[in-house]
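I start from the sequence and the structure shown here.

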Amino acid sequence: FFAHKKTIFERPHLSSASLFKQQKPTSTMTQQEVETETALTTLPSGSTNPASDDAATEQLIAALASLGEVQGTAPAGPTLLQTCIDCLKADDWNYQVHEDRNIISAGVGLKTGSAKMIFDCKEDSQRFIVYLMLPVSVPEEHRVKAYEYFTRANYGLVIGNFEMDASDGEVRYKCSVDVEGGKLTAPMIKSMIGVTGGTVDRFFPGLMKIIYAGASPKEAAEEARNPITSPGSQ
């Protein structure tokens with residue numbers, strides 16, 4: 001991965017929540033969607049250094065590309081991949097295009113550290129997915145508390161959600177949109193990036209406190225939702 005030249009996500013930018021559909025419960029997911037989730041949760045954990053995690057990223061990209069898609073109606077005009085490329089290029093991102101797999105990867109700078117972001121462009125089903133892979137794997141002895149923390153964090157989130165792999169503690173934030181019958185635009189992509197990065201910045205410190213400072217999931221979640229501000233801060 002290449003590091004983004006700018007630190008982003010200082011403040012999440014929200015656009016119309018109606019642009020983003022809620023995730024389907026497992027009972028109503030198609031077979032392809034179930035296979036996608038299964039494959040993603042069996043990948044190796046991410047490195048604390050996104051720039052050196054090419055092997056894990058390639059596995060993720062291969063898993064995403066190898067799965068079938070639900071057939072949709074692709075609109076005339078730019079593809080999801082090209083729309084995303086144009087958006088990133090306009091904002092001077094450094095990124096890598098895996099054109100044969102319809103995936104873009106990039107290193108990003110958060111207030112809480114560096115991470116890797118993957119843009120999955122499912123042209124056939126007209127679904128666009130943003131994954132932000134957190135630069136930590138939760139140790140096994142802390143995963144039960146992490147599950148509770150993510151449940152508390154996810155409750156009330158309008159766009160996207162945290163996910164943790166039970167097998168290795170890998171954590172990611174996922175934000176997606178189904179644009180069948182519509183059109184993916186740069187403002188939509190920027191909104192998804194902003195919401196994803198802003199939410200991770202908000203809740204990632206709480207996860208670290210659970211792992212390294214013995215904080216309870218309830219305390220960490222409450223602090224993330226109601227941060228203590230210093231005098232003069234906004």
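My notes go from the sheet to its helices and then to one residue.

I am working with a predicted model, in which local features need pLDDT of at least 70 and side-chain atom pairs count only at pLDDT 80 or more, while totals for chains, interfaces and linings use all residues. I number residues from 1 along each chain as its sequence is written, and side-chain values use heavy atoms, with hydrogens and water left out.

**The sheet.** I looked up the strand order and found an open sheet of six strands, E1-E2-E3-E4-E6-E5, with antiparallel pairing. Strands (E, at least two residues) and helices (H or I, at least four) are DSSP runs numbered from the N terminus, and two strands pair if DSSP finds at least two bridges between them. E1 (96-98) and E5 (161-164) stand at the edges with a single partner strand each, so one side of each has no neighbour in the sheet. From one strand to the next the twist averages 25°, where axes are lines fitted to C-alpha atoms, for helices over the stretch in contact, and angles between N-to-C directions run from 0 to 180 degrees.

**The helices.** I saw that helix H3 (residues 80-90) packs on the sheet, touching E1, E2, E3 (113-122) and E4 (127-137); contact means heavy atoms within 4.5 Å. Helix H5 (residues 186-212) lies across E2, E3, E4, E5 and E6 (170-178), at about 25° to E4.

**One residue.** I found aspartate 120 in strand E3. Aspartate 120 counts as buried because its relative accessibility is 2%, and buried means under 20% relative accessible area (1.4 Å probe, protein chains only).

Definitions and conventions. Buried < 20%, exposed > 50% of the residue type's maximum accessible area, 1.4 Å probe, protein only.
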